[in-house]
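Please have the structure open as you read along.

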Amino acid sequence: MSNKESEAVLWESTPEGAARCRLCARYCCLREGELGRCSVRLNRNGRLVSRTAAALAALNLDPVEKKPLF
């Protein structure tokens, strides 16, 4: 696993050796090395990993004082 990948949550292994993602309603069944339809989850060594777990999703700089507060 690279430093930005971590084991995903909400998945199960199948008897065929694939991993079934249960995060959305598509329930992707991924064989070794396959990406889900979202292109975020990947089957690596029989375990589902999230490729974007450590990636920054949003950044917002907000001033402490927005409107005059007394």
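Let us begin with Arg44, which forms a salt bridge with Glu5; their closest N and O atoms are 3.1 Å apart. Arg44 lies in strand 5 and Glu5 in the segment before strand 1, so this pair ties together parts that are 39 residues apart in sequence. A salt bridge here means a side-chain nitrogen of Lys or Arg within 4 Å of a carboxyl oxygen of Asp or Glu. Strands (E, at least two residues) are DSSP runs, numbered from the N terminus.

A word on the model before going further: it is predicted, local features need pLDDT of at least 70, side-chain atom pairs count only at pLDDT 80 or more, and totals for chains, interfaces and linings use all residues. Residues are numbered from 1 along each chain as its sequence is written, and side-chain values use heavy atoms, with hydrogens and water left out.

The structure holds 4 salt bridges, including these:

| Pair | Closest N and O atoms |
|---|---|
| Arg44 and Glu5 | 3.1 Å |
| Arg47 and Glu7 | 2.7 Å |
| Glu12 and Arg22 | 3.5 Å |

How open to the surroundings are these partners? Residues count as buried under 20% relative accessible area, exposed over 50%, and partly exposed in between (1.4 Å probe, protein chains only). Glu5 is buried at 13%, whereas Arg44 is partly exposed at 31%.

Now to the next pair, where Arg47 forms a salt bridge with Glu7. Arg47 belongs to strand 6 and Glu7 to strand 1, so the contact ties together parts that are 40 residues apart in sequence. Arg47 is partly exposed at 42%, and Glu7 is partly exposed at 37%.

Strand 5 is joined to strand 6 (residues 47–50) by 4 bridges, and Asn43 stands opposite Leu48 in strand 6.

Which elements does the salt bridge of Glu12 and Arg22 link? Glu12 forms its salt bridge with Arg22. Glu12 sits in strand 2 (residues 11–13) and Arg22 in the loop between strand 3 and strand 4, 10 residues apart.

The loop between strand 3 (19–21) and strand 4 (29–30) also holds Leu23, which is exposed at 52% relative accessible area.

Note on methods: Pairing = 2+ DSSP bridges.
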